[in-house]
Amino acid sequence: MQEIFDYIDDHWEKAISDLKRLCRQPSISAQSKGMAEMARLTAQLLKEYTVSPKLLPVPGSSFPVVYGEIKGQSPVTLLFYNHYDVQPPEPLELWTTKPFEPALREGKLFARGVADNKGDIAARLLALRAFLKVRGRLPISVKFVIEGEEEIGSPHLAKFVEQNKRLLKANACIWECGGMNWKNQPTVSLGVKGILYVQLETRGASVDVHSSMGTIVPNPAWRLVWALASLKDMDENIRIAGFYDQVRPPTSQETKAVKAMQSDEEEIKESLGLKKFVKGVTGFDYRSRHILEPVLNICGMESGYTGPGSKTVLPCLAHAKLDFRLVPDQRPDDILSKLRKHLDSHGFEDITISPATEGENPSRTPIDSRFVSIVAQAAREVYGMEPAIIPSMAGSGPMYSFTDTLGLPTALIGVSYAGSRPHAPDEHIRIADFILGAKHIAVLLERMASDWRPARK
Ligand SMILES: [Zn+2]
């Protein structure tokens with residue numbers, strides 16, 4: 001491997017300049033900005049790295065999947081899932097340098113999308129190039145699926161994967177991004193939570209009225225507040241009947257992994273200016289609550305007058321946006337119907353529910369999967385320390401299509417670190433992590449060739 005490492009050490013600057021090209025191109029799926037250009041540029045870059053690219057249409061979407069593949073010495077195939085879209089860069093005034101003008105400062109590269117997840121695309125390509133230049137071949141075959149709708153919830157990817165099962169056949173999958181935790185320890189994460197995002201809305205009179213009418217005119221703001229209060233008690237228990245029915249208890253290995261994780265609670269508390277967490281959890285309870293439990297969150301609510309001074313008004317409309325983060329084996333459609341039943345049975349038939357999308361299923365790869373031990377071993381070799389094995393991310397993603405539709409064990413590793421500020425101003429990666437991340441992929445390819453024993457079903 002030393003020659004491969006040397007190649008990466010000698011050529012990372014070229015990969016960083018390619019990464020800058022990716023970051024200079026805005027690709028904001030939420031605003032349909034620069035998406036066609038970015039799809040073309042991504043395909044172009046794959047081609048420069050001798051991965052043969054194709055732009056594949058995604059049913060129902062105007063943003064194609066950039067697909068690429070390259071055959072290696074062994075038929076064992078690793079699939080990389082990435083995305084070429086990014087979050088909107090606003091608020092622009094909080095960026096030190098402009099979001100789409102990548103800037104290197106103090107060993108870090110700043111740009112929108114550099115951590116989530118264009119940096120990972122570039123690092124993975126660098127690892128491939130190292131093998132091709134040093135040995136003329138990859139140890140195993142690889143495939144890329146780089147979609148354009150991850151940041152808007154991947155609404156069409158499940159169908160795309162269904163329709164392209166044969167093309168996407170592989171043995172395992174490396175997920176878009178990941179990286180170092182607050183203790184500078186590499187992480188290998190093995191799942192995502194599911195998500196259901198809804199808007200609740202209720203109306204009262206046909207127009208806003210004088211607040212003195214509150215004696216007789218129903219106030220939708222109160223109705224919304226009462227409805228929300230019925231969903232969760234002050235002990236943080238979600239009160240929707242059957243909400244927890246499908247929650248699969250964590251395996252003993254998952255519990256063990258969460259116990260073994262180093263705690264980042266002091267760093268998180270400090271970075272958020274918090275004195276304590278929900279329910280005052282600390283230590284194992286803090287980590288297990290964050291990683292293994294579902295949550296219902298109010299994202300925002302609006303009704304009536306909220307401007308300066310006072311306005312005595314009784315609003316005619318109130319709405320709130322909520323998200324549920326789900327864990328195996330909860331399903332967004334099931335939770336949606338349970339939410340409807342809950343509102344109806346509590347006298348809130350007037351409150352409408354509009355789901356933003358179909359939502360996403362949760363997904364987890366078992367810790368005892370052979371693939372997980374190969375990824376972890378590759379991390380030990382590159383980082384010289386034990387990686388943190390995290391049973392699930394707290395966030396969501398379209399992983400279910402890969403783990404369940406395609407049957408691929410899936411792990412998240414990558415080139416970011418806990419301070420990378422994905423989705424926020426001054427998003428960045430550290431160059432040192434980029435180089436290590438490329439090496440991790442390289443060792444993984446090598447180890448998949450020698451250590452992978454496909455499970456026969
Ligand atoms: Zn991402």
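1. Ground rules. This is a predicted model, in which local features need pLDDT of at least 70 and side-chain atom pairs count only at pLDDT 80 or more, while totals for chains, interfaces and linings use all residues. Residues are numbered from 1 along each chain as its sequence is written.

2. Overall make-up. The chain has 12 helices and 21 strands; these are DSSP runs numbered from the N terminus, with helices being H or I of at least four residues and strands E of at least two. Its radius of gyration is 24 Å against the 23 Å that the globule rule gives for 457 residues, so the chain is as compact as a globular protein of that length. For the record, that radius is taken over C-alpha atoms, and the rule is 2.2 Å times the number of residues to the power 0.38. Along the principal axes, the C-alpha atoms fill a box of roughly 80 × 45 × 45 Å.

3. Of the 457 residues, 46% are buried. Here buried is 20 or more other C-beta atoms within 10 Å of a residue's own, exposed is 12 or fewer, and partly exposed is in between, with C-beta atoms placed from the backbone. Among contacts in the chain with a separation of 6 or more, 80% come from residues 24 or more positions apart. A contact means that the C-beta atoms of two residues, placed from the backbone, lie within 7 Å.

4. α1 against α12. The axes of helix α1 (residues 2-24) and helix α12 (residues 431-451) come within 10 Å and cross at roughly 130 degrees. That angle makes α1 oblique to α12. On the α1 side the contact uses I4, F5, I8, D9, W12 and I16, and α12 supplies I431, F434, I435, A438, K439 and A442. By class this is 10 nonpolar, no polar and two charged residues. The crossing is right-handed.

5. How those terms are set. Axes are lines fitted to C-alpha atoms, for helices over the stretch in contact, and angles run from 0 to 180 degrees between N-to-C directions. Under 35 degrees counts as roughly parallel, over 145 as roughly antiparallel, 65 to 115 as roughly perpendicular, and the rest as oblique. A crossing is right-handed if the near helix is turned clockwise from the far one by less than a right angle, and left-handed if anticlockwise. Ala, Val, Leu, Ile, Met, Phe, Trp, Tyr, Cys and Pro count as nonpolar, Asp, Glu, Lys and Arg as charged, and the others, Gly among them, as polar.

6. α1 against α3. Helix α1 also meets helix α3 (residues 114-135), their axes coming within 8 Å and crossing at roughly 140 degrees. Again, α1 is oblique to its partner, α3, and the crossing is right-handed. Residues in the contact include Y7, H11, L19 and L22 of α1 and I121, L125, F131 and V134 of α3. The class count is 17 nonpolar, two polar and four charged residues.

7. An open helix. Zero of the eight residues of helix α7 (residues 265-272) are buried, so this helix lies largely in the open. G273 follows α7 and has a positive phi, near 65 degrees.

8. Backbone spots to look at. Most residues other than glycine have a negative phi, and most peptide bonds are trans. A cis peptide bond joins E90 and P91, with omega about 0 degrees; P91 sits in the loop between β3 (74-83) and β4 (103-105). Another cis bond, also with omega about 0 degrees, joins P328 and D329, and D329 is in the loop between β15 (317-326) and α9 (332-345). Please check both.

9. N184 has a phi of about 60 degrees and lies in the loop between β8 (179-180) and β9 (187-189). With 13 C-beta neighbours inside 10 Å, N184 counts as partly exposed. H423 has phi near 70 degrees, lies between β20 (416-417) and β21 (428-430) in a loop, and is partly exposed with 15 other C-beta atoms within 10 Å.

10. Two distances. D451, in helix α12, is 374 residues from T77 along the chain, yet their C-alpha atoms are separated by 13 Å. For D245 and L128, 117 residues apart along the chain, the C-alpha separation is 45 Å.
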